[in-house]
Amino acid sequence: MNNTIFDDVFRTMIEKMPYLAVPLINEVFHTSYPEDVKITQLRNEHQQEDGEIITDSCLLIGRKMYHIECQSTDDMTMVIRMIEYDFAIGIEHAEKQGRRYRIEFPKYCVLFLRSSENTPDYLEADVIFACGPAPMLRAIKAYGLEKGIPCWISMEEKMACGVGACLACVCQSTEGDGHSHVHNKRICKDGPVFLSTEIEL
Ligand code: FES
């Protein structure tokens with residue numbers, strides 16, 4: 001994590017005075033919230049399998065989430081970090097509706113504190129999301145690897161317990177798990193969405 005004093009100041013400012021973000025949100029997202037609109041601060045620490053990631057701000061206004069990231073330098077990894085952050089936020093606030101999850105990603109922007117000719121007007125990335133039969137996923141995984149495009153795959157498998165206990169839904173993973181050292185992932189518990197390079201197809 002590249003934490004700078006600017007991130008800390010921005011995070012503290014938004015924590016103590018969230019209303020300061022309202023004009024920015026109105027400007028960037030074309031909303032018209034009044035200055036005294038009710039703002040709920042959502043937490044900035046997001047637990048991941050391989051550690052914790054920390055966002056600069058995550059605010060809830062009405063039913064909409066807003067994620068504003070503050071950046072002081074031209075960091076080429078910003079687009080990947082934003083995808084990572086917003087997936088984490090979306091999944092944390094997923095709503096279960098019967099057997100279906102509804103995942104809404106936050107509205108997001110990056111606030112560049114310094115501008116130069118390299119400061120981008122927008123961030124771009126190529127990402128593949130896929131679900132479907134295994135031969136198709138295999139082909140998509142190969143395409144992503146060939147083109148250097150990250151590929152997220154939603155795996156489907158017959159499930160029994162649905163909570164990671166019965167191992168009815170395992171798929172083969174590229175890495176052994178740190179606990180049992182077997183090359184398995186439980187689709188119900190560890191997925192169902194995996195980075196294509198994490199699983200064997
Ligand atoms: S369905 Fe039982 S472990 Fe996944």
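G148, which follows helix α4, has a positive phi, near 70°. Helices are DSSP runs of H or I with at least four residues, strands are runs of E with at least two, and both are numbered from the N terminus. This is a predicted model, in which local features need pLDDT of at least 70, side-chain atom pairs count only at pLDDT 80 or more, and totals for chains, interfaces and linings use all residues. Residues are numbered from 1 along each chain as its sequence is written.

**Helix α4**

The 14 residues of α4 should span 20 Å at 1.5 Å a residue, which agrees with the 20 Å between its end C-alpha atoms. The expected span is 1.5 Å times one less than the number of residues.

Which residues of α4 are buried? They are L137, I140, K141 and G144. A residue counts as buried if 20 or more other C-beta atoms lie within 10 Å of its own, as exposed if 12 or fewer do, and as partly exposed in between, with C-beta atoms placed from the backbone. Seen down the axis of α4, the buried residues fall within an arc of 105°, so they line one face of the helix. The arc is that of the directions from the helix axis to the C-beta atoms. P135, A139 and E146 are exposed on the other side of α4.

**The sheet beside the helix**

The cover over the buried residues of α4 includes β9 and β10. Helix α4 (residues 134-147) lies across these two strands and runs at about 165° to β10. Contact here means that the C-beta atoms of two residues, placed from the backbone, lie within 7 Å. Axes are lines fitted to C-alpha atoms, for helices over the stretch in contact, and angles run from 0 to 180 degrees between N-to-C directions.

Three strands form an open sheet in the order β9-β10-β13, with mixed pairing. Strands β9 and β13 are at the edges, each pairing on one side only. From one strand to the next, the twist averages 25°. Two strands pair if DSSP finds at least two bridges between them.

| Strand | Residues |
|---|---|
| β9 | 128-131 |
| β10 | 151-154 |
| β13 | 193-195 |

β10 and β13 pair in the antiparallel sense over three bridges. The bridge partner of I153 in β13 is F194.

**The whole chain**

The chain has five helices and 13 strands. Its C-alpha trace spans about 50 × 40 × 30 Å along the principal axes. Of the 201 residues, 18% are buried. Among contacts between residues at least 6 apart in sequence, 49% join residues at least 24 apart.
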